[in-house]
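User: Please take a close look at a single part of this structure, the contact between its two chains. A connected account with the cut-offs stated would be appreciated.

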Amino acid sequence: MPEVKLKNITKKFGGNVVALHDVSLTVKDKEYVVLLGPSGCGKTSLLKSIAGIYPPDSGSVSIGGKNVTKLPIEGRNIGMMFQNYALFPHLTAEGNASYGPLMREIPKGKMHEIARKMLALAKFPLDRAGAKPSELSGGMQQRVALARALASQSSLLLLDEPLSALDAKIGEELRHDLRALAKKLGLTAIHVTHNQEEAMSTADTIVVMSKGKIMQADTPEKVYFEPNCLFVADFVGEANFFEGELVRARKGLAVRFLGKEFDLAGADSSRLPKSAGKVVVMIRPEKMAIAKKKPGHKNFVEAKIEVRRFLGEKVRYELSAGGQAIVSKRLGFGKGFKKGDSVFVSFDSENAMLFDYPEEKFEKIVGRQTA
Amino acid sequence: MGGFLKARLLGNLLYVASILFFFLFVLLPAIFVLIKSGGITLEPGVLSALATSFEIAIVSTALSLAFGIPLAWMISRSRGIRKQILDSLVDMPLIMPTSALGFSVYLFWGSQYGLDVLEKGFWLIVALHTTFVFPYVVRTVSAAFDELDKVYETAARSLGANLLTCFRTVSFPLVKSAVIIGAMLAFTRSLSETGATMMVAGLASTAPVAVLAYRNAGNMQGAISTSIILIVVAVAFLFTAKYLARKLPFTVGGISPRLESRLARLSLLKDAATLGFFALIILVPAFFFFVFLIGMNGLPPQSELDRIYDSLAVSFLVAAAVTAINLFFGFSMAMLIGKNKWGLGKFFETANDIVLVVPTSALGLSLGLYWAGVKLPEIAIIALAHLSFTFPYIVTPIAAAVGQLDKNMEEAASTLGASPYRALRTITLPLILPSVLAGMVMAFMRSISETGATLAVSKDIATVPVLIVSLVNAEQFPEAAVACLILFAISFVLLVIMRRGVKHA
């Protein structure tokens, strides 16, 4: 029953660089948690302070109700997968997998049995158990690394960017195996990644981090559809951000942007504390409809298609409306539009979210979208 | 187009010239004794000298491994000023010419000026050899620990390994080849040292000392036999070590991690023993001649100082000429090895390693035989001898640097229209400059400090290390101390220049 509790963890490097800033987090027993964020956000530092690799400057770590803050790595009973696997190059696949049991002085026969069982669980072909890591492909090495972590027989699995060194296709296959195995064995898993798709498809809970702080910890759906701040909205998935002016705050909420007044009565304004002034309206590209015909409601603008990009199952359009950029995505089949077409872009007010206008960084967010 | 072709032709001519130079002036002279010999005779003296040499090499290498590996680990895992200090201290005995070391070690262990606890003989030779082979082990192993990714250690510990078990099962096996190479360097170095050993040997005789003794007594058959065995053994060691470094299997089972976990708590004791050994057995004896210098009443007489200065002039002249000539041919040879030109890279790399491990007094004898028919001034003969054993010191670092260069860079320069020569001058040379400098300094230092080979070919002219040996044997300690100081000062300045140069480039 390893519930992991982090309380007020702060970690600084070289005096000034703050990697973790007063972070608190509870990971429930058997939960699959993904720490997601851009590089340098502190997600790996957080994982390493759970593992005992980076002792925190202040705060406490407890695993399964036991305070382990002062314990060295080898005393914490964890199973960990490292970014580039860190397979021991002088040992075979099986030698790697049996290293944990060896350290626990498990009898030889039993040790052998555990190693092979875990290799099999990780879908590693047992006829290659005698191969050295250098003789294995990236995907195979990853499976050995997983087996080695599982063979520690800890029910806490820590995964540090476990799929980042793999081809996209193999990575996708393995991420599902990771989650399935963690669920099957009833493990608590904490998985670090910067890949949002990987996070979305494996996590029970996504913890989005930025600059050493936790921004939001929620289900993948909530993180995507109900981001609690502009950073999360921007980092997870793609988004249109419009700078606007609040026209009416209460009944019949309305905002002026893209040169006209929009009716946002159905929009989520729970993140908006104020009742007047500048705001940011966020709408996901797949919620932006494009049509040749004028829609029957008020929430539309006229726009021109500037760029059309075919993405396989989807087509992504970049449009311009009065000098402002809008992004729209729609399924790739059926009749599309081409560059230069004049169209109407529209949205339902339930699909818009309102945020307070940030003090400094909004330009950066909008700039990224138009680039 | 004609210009490009001419440049390639010139390049190939240089390669051929360096190959010819290597055979005629480096390799053949070094192993000529193997060709010239009329068979081996095993006199009782030869066998006992060889046995003594092996015993000394085994003991001093074992001591160096036992204390050198923990020290290498300590250096590699320290940070900042602590690391810098330990690093520099380890290098110090390495830059002291062995004859100066021999004098200093003798003063400390065997004379009334120091502890006076060891007679000249076996154990004094062991004490001496340990001082100069210890840095080879520490250097090689700590470099390997430095390059080792710490993540393996972290991974082992995440699986429950305590520090000691982690070292035994993961860190140590991963630097195993460096340990073997370090041990091989230490062993062959001990096997071949002549000059300093002569000072502290007393009645004991090691094989290299026996080579010189036989030669001076006119027993050429004895000298040749001993030389051949020394060369064959050293080369056999080289190949065995290289083979083992690649092939030696490794198991992680056996010892109980729980027991090791208890032992790991004694790490403070281990650190104290390691540092204690390093300070008392290596550093203090190696630099004890400073204590003697401080206690001296004034300088030696002018006539003696003049002798030292004359020797200095000889040493410098030889070292400078040899470094310059070897740089010219060695550079081409290094390019040939580094770029594996005509598929000959591996061959010449191995051939250079052979020259490197051939014991210098055997090499000196061999060189003497090789150049015997040539009527040349003695100083030229000494220079010819030095050409041979300093050559690999220039070639090895440059070849390594060339081998690590990204091939794409020169190709990129060529696509931009650079001729091979200009690509070399503008791209390759600036990138490998630190290694060129390092090679030059090492060759120069090696020439300045070599005793055995010089003794084997010289009669009337003495280089500084040879002079030190004769001064110590004549018990002229003040003169020897001054000569040691000068030699050490030169080496030290050169080392500083090299480090600066490497840093800047």
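Analyst: The account below concerns the interface of chain B and chain A. This is a predicted model, in which local features need pLDDT of at least 70 and side-chain atom pairs count only at pLDDT 80 or more, while totals for chains, interfaces and linings use all residues. Residues are numbered from 1 along each chain as its sequence is written, chains are lettered from A in the order in which they are written, and side-chain values use heavy atoms, with hydrogens and water left out.

Chain B contributes 24 residues to the contact and chain A 21, contact meaning heavy atoms within 4.5 Å. About 2,000 Å² is buried between the two chains, 70% of it from carbon and sulfur atoms; this is the accessible area (1.4 Å probe) that two parts lose on being put together, summed over both. Of the area that chain B buries against chain A, 33% comes from B:Arg157, B:Ser158 and B:Leu159, more than from any other three residues.

B:Arg157 also forms a salt bridge through its side chain with that of A:Glu74, at 2.7 Å from N to O. On chain B, helix H6 (151-158), helix H7 (163-174) and helix H12 (257-263) each supply at least two residues of the side that touches chain A; helices are DSSP runs (H or I, at least four residues), numbered from the N terminus.

Notes:
A salt bridge is a side-chain nitrogen of Lys or Arg within 4 Å of a carboxyl oxygen of Asp or Glu.
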